Amino acid sequence: MKQWAVVSKQWAEKTRQYKFWLLFFAYCLLPTAYSFSQDSRTKQLYEQSMKLFGERKATEAIAFMQEAIKREPTFADAHLKLGQLYEFTKRVEPALLAYREAVRLQPDAPTTAPAYQSLSNLLLRLGRYTEAIPYLEKYVTLFAPQSAQALRVERLLATARFGQEATQRPQAVTPRPLSSALQTTPSQYFPVLTADEQTLVFTVLKPEGDEDLFTTTFNGETWQPPVSLSPNINTVDNEGTPSLSADGRTLVFAACQGRKGMGSCDLYITRRTGNEWSEPQNLGPTVNSRYYESQPALSADGRRLYFVSDRPGGQGKRDIWRTDADEQGNWLAPVNMGTPINTTFNEASPFIHANGQTLFFASEGHIGMGGYDLFVSDSLVTTAPVRWNQPTNLGYPINTAEDQASLFVSANGARAYYSFEEQKEGISQRSRIYVFDMPESLRERVKPVSYLKGIIANGKSQKPVAATVELIDLATKQTISRVKSDAQTGQYAIVLPTEGEYALYVSSPGYLFKSLSFDFSQKTKETSSGVALPVALEPIGPTSKETLNNLFFESGRYDLADKSRTELNRLADFLKLNPSVTIEVSGHTDDQGDAAANLTLSKKRAQTVVTYLTEAGIEPTRIKSAGFGKTRPLVPNTSDENRRQNRRIEWRIL
């Protein structure tokens, strides 16, 4: 059994077989009140059948049980045992017929409970909810109201009724295989992608039974043949359930053997520089424990981690937990997600959307269609303590009677990727990565985000620069995301919300910081593709200059809006970090209006910035102001957009 893949179909199939053996011996080897016929020959046939099954000769046992029933057609227990023999040998329809006959013969007898249980469980597993409901309604009457057995059957009945309704109102979903190019191994599952959907990492099951992490890239038309992610990551033991940051440069995965760990399964982190992944590091005793930790889900910026654990302090069995990285990158003590996410049953395979507010996960505790179903919940409050609304089942055919897990939803909310278990006669054959377009009902639940990506380079030499990229919410002045560019290539990617006003800052020691402004306050829906935005940083030196793109003035006025404080504080911090630097702050306008008035306005706006900086502790001798009105446009004043660019405040090194 692959310990990390707790909800994989391979695991589920083995678990069902194991449970079947336990139930079979519980029902079969311990005689019930009506096990034995009064006819000695029938009894001999029955006992010989049971003996053969005890020797794992189920096929041979069937013939003896059939003969016993032929001699005594009303032998209810023989019908039950025949059904279990058929089920064990994966002969579904004969098993159902045998179970139905056992129920028909003694519908009200408490000793018929095993037949009801086997029949209803098999029908639910097959997704035949309408057929299961009347049997479950009768089954529950065999137990005292509110007894543990009655509550268990009531839960099965709720599942059947939910499944019946869901199949009658299917989602508009058409899953399709992602690409035949990926099918180089017996099975592929747990897909995760970068924000631009150009890089895919997933788990593969190799012919020898080893599980590794593979990756492939999209060239604009097709997916390339997958390759091993890295020799630093894959070993002769199993690695799986990967999770990627939006830029594809931070990866957390699970390993349950081979590496020195804290418990049964641990989480490991690795980072990519250039084309090389670092040696994976155990996340340490704060995150990992002597219990089970697996199925990680990183936030877009890689600074929040969701995972599954059965450690003490949870709601039940395996729960979803959350931990955050502090400013130094150290992971804080994990917090249980609590209700309404976790239940007294198992939760699994969390996925946090790139918007940071929509959580998808699998659960066998919330009512669904049987086994593990996929659910979605939204955070009501994003600051601590985070609160979540009641999870919603994703519906049919995303969920089926089979276990479902490992859903990944694209940043723009348009597509979902998952592993689909291809079956033959109800038996899992192999797992493939599928994709489907998100139905409108679910897209409405997922606040879409876009992304910026590009290369950060020295504006003079064009060489790549290792820089920090920060996204700030101008309304709350909170840092929404912080990422670093690749030290070798300068590449970066950061998720960009599509509602509200945001400032983006790119900074690196020895360079002027770059400020960019994004205003989505008038947009409530945005599912566009990402934006390619190369960034050239100016080295600190004479004549180097930048524009302060997040200063805001009312038209014709020079008093600053409160949301400008983020930008000015950033400039003040820069000057404090570089005490030998002196600057000029200059104001500029477009060509609209009176030239003299524009000149005066540009000077007053520049002086307003200087005054703020001096009040923030910068020596007045290090700052001077200037105003140039409309005389130094960046671009011709031929459009509203061009005029907007020309209305600016610049700062340059003196």
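Reply: Let's start with strand E11, residues 293–298. 6 of its 6 residues are buried, so E11 is largely enclosed by the rest of the structure. Buried means under 20% relative accessible area, exposed over 50%, and partly exposed in between, with a 1.4 Å probe and protein chains only. Strands (E, at least two residues) and helices (H or I, at least four) are DSSP runs, numbered from the N terminus.

Me: What kind of model and numbering is this?
Reply: The model is predicted: local features need pLDDT of at least 70, side-chain atom pairs count only at pLDDT 80 or more, and totals for chains, interfaces and linings use all residues. Residues are numbered from 1 along each chain as its sequence is written, and side-chain values use heavy atoms, with hydrogens and water left out.

Me: Back to E11. How many bridges join it to E12, and do they run parallel or antiparallel?
Reply: There are 4 bridges between E11 and E12 (residues 304–309), and the two run antiparallel. Strands pair if DSSP finds at least two bridges between them. Glutamate 293 sits opposite serine 309 in E12.

Me: What about the hairpin, which residue there takes a positive phi?
Reply: Glycine 302, with phi near 75°. The hairpin of E11 and E12 has 5 residues between the strands.

Me: What does the side chain of serine 243 reach?
Reply: The backbone nitrogen of leucine 298, at 2.6 Å. A polar contact is a pair of N or O atoms within 3.5 Å; within protein, one must be able to donate a hydrogen and the other to accept it, and residues adjacent in sequence count only if both atoms are side-chain atoms.

Me: Where is serine 243 found? Is it buried or exposed?
Reply: Serine 243 is in strand E6, residues 239–244. It counts as buried because its relative accessibility is 5%.

Me: Which residues is serine 243 in contact with, leaving aside neighbours within four places in sequence?
Reply: Val192, Thr250, Leu251, Val252, Pro296, Ala297 and Leu298. Contact means heavy atoms within 4.5 Å.

Me: Why flag that?
Reply: Because most residues other than glycine have a negative phi, and most peptide bonds are trans.

Me: And glutamine 146, where is that found?
Reply: In the loop between helix H7 (129–139) and helix H8 (148–168). Glutamine 146 has a positive phi of about 70°, although it is not a glycine. At 65% relative accessibility, glutamine 146 counts as exposed.

Me: Now cis peptides. Which residues does a cis bond join?
Reply: One joins threonine 339 and proline 340, with omega about 10°. Another joins tyrosine 396 and proline 397, with omega also about 10°.

Me: Where do those prolines sit?
Reply: Proline 340 is in the loop between strand E14 (335–336) and strand E15 (347–352). Proline 397 is in the loop between strand E19 (392–393) and strand E20 (408–409).

Me: Zoom out. How many helices and strands does the chain have?
Reply: 12 helices and 34 strands. The C-alpha trace spans about 115 × 45 × 45 Å along its principal axes. Of the 654 residues, 54% count as buried.

Me: What share of contacts comes from residues 24 or more positions apart?
Reply: 58% of the contacts with a separation of 6 or more.
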